[in-house]
Amino acid sequence: MLFSAKAIEAQSNLRNEKLAHMLDFLNNTQGKVVKIEELIFTTLINTLSNILFRKDFLDLNDDKTAHRLKFGLLKILENSVTPNVSDFFPIIGGLDLQGLRKDSLNHLDELSSFSEAIVKERRAQMAKKVVVADHEKDFLDRLLENKFTTAQINILVLELFIAGTDTVVTTIEWAMAELLKNKEIRCIVQGELTRELKSNDVKKSDLSKLTYLNACIKETLRLHPVVPVLIPRRAIEACEILNYTIPQNAQVWVNVWAISHDPKVWEDPNTFKPERFIGSNIDFTGHDYEFIPFGGGRRMCPGLPSGVMSLQTMLASLILGYDWSLPNGEDPTKLDMTEKFGVTLQKEKPLKLIFNRRQ
Ligand code: HEM
């Protein structure tokens with residue numbers, strides 16, 4: 001219901017509406033410094049919160065709340081992968097010696113405060129048998145009809161917010177940083193967008209025509225794979241791979257970052273070269289194992305179509321509509337591209353830009 005082609009189609013008006021809010025906000029902040037991660041994060045959270053609850057959770061003018069929510073989501077994610085002594089000594093499992101559970105529950109409480117009142121109100125409406133037309137029902141209506149508890153709804157929203165925001169935000173930040181650093185490549189994308197799009201309004205039907213933009217997105221996901229190591233797998237039986245024996249029950253970690261920087265597979269692997277994807281059939285759908293930024297197999301990212309559409313529409317609108325510059329006249333060719341490794345591959349120094357509308 002959230003990820004099917006039909007659902008993505010049905011969500012397109014909502015996406016366009018939230019994108020338009022973001023562009024309006026940028027038009028009113030001309031000349032001011034904008035922190036990209038907060039701009040994109042707020043837009044994505046509001047897109048998701050409208051799909052789920054028909055309501056904006058954040059305000060583009062309130063960067064403090066956006067920052068708090070983003071920080072809370074990241075902390076929960078980090079806590080979930082921090083080695084926990086209780087996993088090695090189950091007998092002390094109840095003690096939460098590192099305080100990881102307590103910290104995560106505090107952040108979850110804060111996140112739940114955004115949705116709790118809506119869930120309560122909607123339950124009350126259902127109890128009063130208020131009729132909502134089928135086509136107006138949102139995801140929450142469906143969850144309540146299927147008897148989901150409030151705790152289950154909170155966890156589901158949390159998972160979607162964690163998986164569906166930071167991944168897209170970080171990829172857009174890396175793509176913009178690369179395009180800022182590589183002016184010629186940015187000019188080629190601008191040329192393609194000007195040629196292929198009839199107006200500044202980016203339509204879903206235009207997206208497949210944007211060959212060079214799509215190559216830039218792939219190259220960003222190759223050079224800066226936002227999930228550098230996939231969700232760990234367990235070998236359900238012993239097997240041999242390339243003369244290595246993987247014992248039964250071994251945990252298997254797939255290092256996407258190393259695969260997509262492998263000089264045996266990628267020529268000049270550390271350079272941003274979208275051309276390598278032009279005329280190539282390599283795609284990120286999980287079948288080309290040298291390029292798996294969305295993972296592969298049964299646990300592959302279910303949000304791929306939605307994530308890719310957000311990357312395409314947001315980047316196209318920002319590239320076509322605005323000239324970008326760094327604060328204090330900094331030289332874009334010297335932009336710091338240091339990567340910060342964690343569960344996601346962040347840009348160590350967040351990207352801040354000044355936007356000026358292109359004529
Ligand atoms: C640039 C965008 C994105 C990238 C690069 C990305 C990447 C990934 C990766 C690598 C995984 C792990 C797959 C594996 O281990 O095989 C994953 C899992 C997941 N992603 Fe995404 N993702 C993106 C956007 C999204 C969006 C927009 C959503 C939802 C709205 C989403 C929802 C999920 C969920 C729910 C999982 C967990 C699936 C499971 O546990 O089985 N992702 N993603």
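A search of the whole structure, a predicted model, finds 26 salt bridges. A salt bridge is a side-chain nitrogen of Lys or Arg within 4 Å of a carboxyl oxygen of Asp or Glu. Residues carry numbers from 1 along each chain as its sequence is written, and side-chain values use heavy atoms, without hydrogens or water. Local features need pLDDT of at least 70 and side-chain atom pairs pLDDT 80 or more, whereas totals for chains, interfaces and linings use all residues.

Glu110 pairs with Arg68 in one of these bridges, with the closest N and O atoms 2.5 Å apart. Glu110 lies in helix H6 and Arg68 in helix H4, so the bridge ties together parts 42 residues apart in sequence. Helices (H or I, at least four residues) and strands (E, at least two) are DSSP runs, numbered from the N terminus. Glu110 is partly exposed, at 28% relative accessibility. Arg68 is also partly exposed, with a relative accessible area of 45%. Here buried means under 20% relative accessible area, exposed over 50%, and partly exposed in between (1.4 Å probe, protein chains only).

A salt bridge also joins the side chains of Arg358 and Asp323, at 3.6 Å from N to O. Arg358 lies in the segment after strand E9 (352-357) and Asp323 in strand E6 (residues 322-325), so parts 35 residues apart in sequence are tied together. Both ends are partly exposed: Arg358 has 28% relative accessibility, and Asp323 has 39%. Salt bridges that share partners join Lys35, Glu37, Glu38, Lys70 and Asp166 into one network. Lys273 and Asp268 meet through their side chains in a further bridge (3.4 Å, N to O). Lys273 is partly exposed at 27%, as is Asp268 at 37%.

The largest nonpolar core has 88 residues. Such a core is a set of buried Ala, Val, Leu, Ile, Met, Phe, Trp, Tyr and Cys residues joined through side-chain atoms within 4.5 Å. Ile40, Met176, Leu318, Trp324 and Phe355 have the most contacts inside this core. Helix H8 (residues 150-181) gives the most to it, with 15 residues. In soluble globular proteins, nonpolar side chains tend to be buried together. Trp324 touches Met176, Leu179, Leu180, Arg186, Leu318, Ile319, Leu353, Ile354 and Phe355, leaving aside residues up to four places away in sequence. Contact means heavy atoms within 4.5 Å.

His224 sits in the loop between helix H10 (211-223) and strand E2 (233-234). His224 is buried, with a relative accessible area of 4%. Its contacts, not counting residues up to four places away in sequence, are Trp174, Glu178, Met337, Glu339 and Leu345.

The structure holds 10 aromatic pairs. Rings of Phe, Tyr and Trp (its six-membered ring) pair if their centres lie within 6.5 Å; planes under 30 degrees apart count as stacked, over 60 as edge-to-face and the rest as tilted. The rings of Phe57 and Phe114 are stacked, because their centres are 5.5 Å apart and their planes lie at 20 degrees. This pair links distant parts of the chain, 57 residues apart: Phe57 is in the loop between helix H3 (36-53) and helix H4 (63-81), and Phe114 is in helix H6. Phe57 is buried at 10% relative accessible area. Phe114 is buried at 17%.

The rings of Trp266 and Phe277 have centres 5.8 Å apart and planes at 50 degrees, so this pair is tilted. Both residues lie in the loop between helix H11 (256-259) and helix H12 (304-321), 11 residues apart. Trp266 is buried at 5% relative accessibility, and Phe277 is buried with a relative accessible area of 5%. Trp266, Phe277, Phe284, Phe291 and Phe294 form one aromatic cluster.

Arg54 is partly exposed, at 41% relative accessibility. Leu242 is exposed, at 74% relative accessibility.
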